[in-house]
Amino acid sequence: MANRPQKSAAVAAKANKNARPARPQISFEAARLLCPTDAQAVSIAAAFGLSTPDYLGIRATHEKLLRETALAFDDALNEKAAQMHFQRVVGTFVASAQGAGRFYSDKLTEARALTAKLANDIRDEDRDAPAGFESKAQRARQFAADLAMQSYALLAAAHGAIDAYLEITGEDWKPYVAQSEGETVERKSAAAELGAFG
């Protein structure tokens, strides 16, 4: 009897080990929340001497790129195949923007934390760099600013891809949600039927 719980625990541990971690849900709204706004991008670029990416130009170029790609297929893809293909293509652009936005947000948080440490007068570590050299906090702020411009540009590309998807398919883009491996039609049907018994 004493071995049974250990065996069950071993089986459960193996099942958990084989289970894939859930992918974060991608959406343009999430990407937009993680990336800088137009006003933030302009402000960051001015403060750090960077060029503000041409959001409208990047957006229009990517929209045109996907529309031309759809036209190049001519009649090779039927309506459903084109919808599936471009859903995945647009998903890649959105995932890229969301990933860049998450990385930017993380690095901005680090830069703020390092800068806050420097503002503390009673500290033994994180002293300012010698005159003429950048401090660790300054390098972190500069890195966050560079990432802000990158994520802003990638957001523009995703925006253009979503615009093109609407034009190509006539529908708003929604991320593909994979059915979990165990969720088959038969199982859903069986669950519904058993639910009828109360």
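How many residues does the largest nonpolar core have, and which of them have the most contacts inside it? In this predicted model, where local features need pLDDT of at least 70 and side-chain atom pairs count only at pLDDT 80 or more, totals for chains, interfaces and linings use all residues. Residues are numbered from 1 along each chain as its sequence is written, and side-chain values use heavy atoms, with hydrogens and water left out.

The secondary structure of the chain consists of seven helices and zero strands, helices being DSSP runs of H or I with at least four residues and strands runs of E with at least two, numbered from the N terminus. Along the sequence the pattern is accordingly written α-α-α-α-α-α-α. Of the contacts in the chain with a separation of 6 or more, 83% are between residues 24 or more positions apart, a contact being defined by heavy atoms within 4.5 Å. Of the 198 residues in the chain, 26% are buried, where buried denotes under 20% relative accessible area, exposed over 50%, and partly exposed the range in between (1.4 Å probe, protein chains only). The chain exposes about 13800 Å², of which carbon and sulfur atoms supply 56%; accessible areas come from the Shrake-Rupley method with a 1.4 Å probe, and for residues only the protein chains shown count as cover.

The largest nonpolar core has 27 residues, and Val90 and Leu155 are those with the most contacts inside it. At least two residues of this core are supplied by each of helix H2 (28–34), helix H3 (38–48), H4, H5 and H6, and the largest share, twelve residues, comes from H6. A nonpolar core is here a set of buried Ala, Val, Leu, Ile, Met, Phe, Trp, Tyr and Cys residues joined through side-chain atoms within 4.5 Å. When neighbours within four places in sequence are left aside, valine 90 is in contact with Leu66, Ala161, Ile162, Tyr165 and Trp173. Apart from this core lies another, of six residues, among them Ala111, Ala137, Ala140 and Ala144.

Glycine 101, in helix H5, is buried with a relative accessible area of 0%. Beyond neighbours within four places in sequence, glycine 101 is in contact with Leu34, Cys35 and Ser151. Glutamate 63, found in helix H4, is likewise buried, with a relative accessible area of 18%; residues up to four places away in sequence not being counted, glutamate 63 touches Gly160, Asp163, Ala164 and Glu167. Aspartate 74, by contrast, is exposed, with a relative accessible area of 61%. Placed in the loop between H4 and H5, aspartate 74 has a positive phi of about 55° although it is not a glycine.

The second largest pocket has a volume of about 240 Å³. Its lining comprises 14 residues, of which Leu77, Asn78, Glu79, Ala82 and Ile168 lie nearest the centre, and two or more lining residues are given by each of helix H4 (55–73), helix H5 (79–119) and helix H6 (136–169). The largest share of this lining, five residues, comes from H5. On a 1 Å grid over the protein atoms alone, a pocket is an open set of points with protein on both sides within 12 Å along at least five of seven lines, whereas a cavity is a set of points where a 1.4 Å probe fits but cannot get out; lining residues have an atom within 4 Å of a point. Grid points are joined across faces, edges and corners, and a volume is the space filled by probe spheres set on the points.
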